[in-house]
Amino acid sequence: RVTWVVAADPDPETGRICRIMLDNMTLDAMKEAVGIIGERVETEASGNVTIETVHAIGGCGVTYISSGALTHSVTALDISFNIENL
């Protein structure tokens, strides 16, 4: 049973949904969703994915896991090649 669909954008060639994003769900809700979806459609977990949570999320049976923490929580390293004349 679907309780909330934010957006649906079917594949233009097939007219089918290719992947369902499971965003900001509890582990129990994610397991339930994967159980309902089965292998009919790829699933992707997103939201609150960290190095500490990724293993448990993977155990829910999702096809893919995406993590914004890889990009938005990174500390920049400034490397420049400014050379001063001595």
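Let's start in the sheet. Ala45 stands opposite Ile65 in strand 3. Keep in mind that this is a predicted model. Strand 2 and strand 3 run parallel, and two bridges join them.

For background, strands of a sheet pair through backbone hydrogen bonds, either parallel or antiparallel.

What packs on this sheet?

Helix 1 covers residues 27-37. Which of its residues are buried? They are Met30, Ala33, Val34 and Ile37. Seen down the helix axis, the buried residues fall within an arc of 100°, so they line one face of helix 1. The general rule is this: an α-helix has 3.6 residues a turn, so residues three or four places apart point the same way.

Turn to the other side of helix 1. There, Asp28, Glu32 and Gly35 are exposed.

What covers the buried residues? The cover includes strand 1 at 19-23, strand 2 at 42-46, and helix 2 at 54-58. Take Ile37 as one case. Leaving aside residues up to four places away in sequence, Ile37 touches Ile20, Leu22 and Thr43. Just after helix 1 comes Gly38, with a positive phi of about 65°.

Next, the core. The largest nonpolar core has eleven residues. From helix 1 come four residues, the largest share of this core. The members include Met30, Ala33, Val34 and Ile37. Leu22 and Ala45 belong to the core too. So do Val41, Val49, Ile57, Cys60 and Val62.

Last stop: Asn24. Where is it? Asn24 sits in the loop between strand 1 and helix 1. Buried, exposed or partly exposed? Asn24 is partly exposed, at a relative accessible area of 47%. Which residues does Asn24 touch, not counting those up to four places away in sequence? Ser46, Gly47 and Asn48.

Stay with Asn48 for a moment. Asn24 and Asn48 are 24 residues apart along the chain, and 6.4 Å separates their C-alpha atoms. Their side chains make a polar contact, at 3.3 Å.

Notes: Residues numbered from 1 in each chain as written. Predicted model: local features only at pLDDT ≥ 70, side-chain atom pairs only at ≥ 80, totals over all residues. Heavy atoms only, no water. Buried < 20%, exposed > 50% of the residue type's maximum accessible area, 1.4 Å probe, protein only. Arc of directions from axis to C-beta. Contact = heavy atoms within 4.5 Å. Pairing = 2+ DSSP bridges. Core = buried A, V, L, I, M, F, W, Y, C linked by side-chain atoms within 4.5 Å. Polar contact = N/O pair within 3.5 Å; in protein donor to acceptor, adjacent residues only side chain to side chain.
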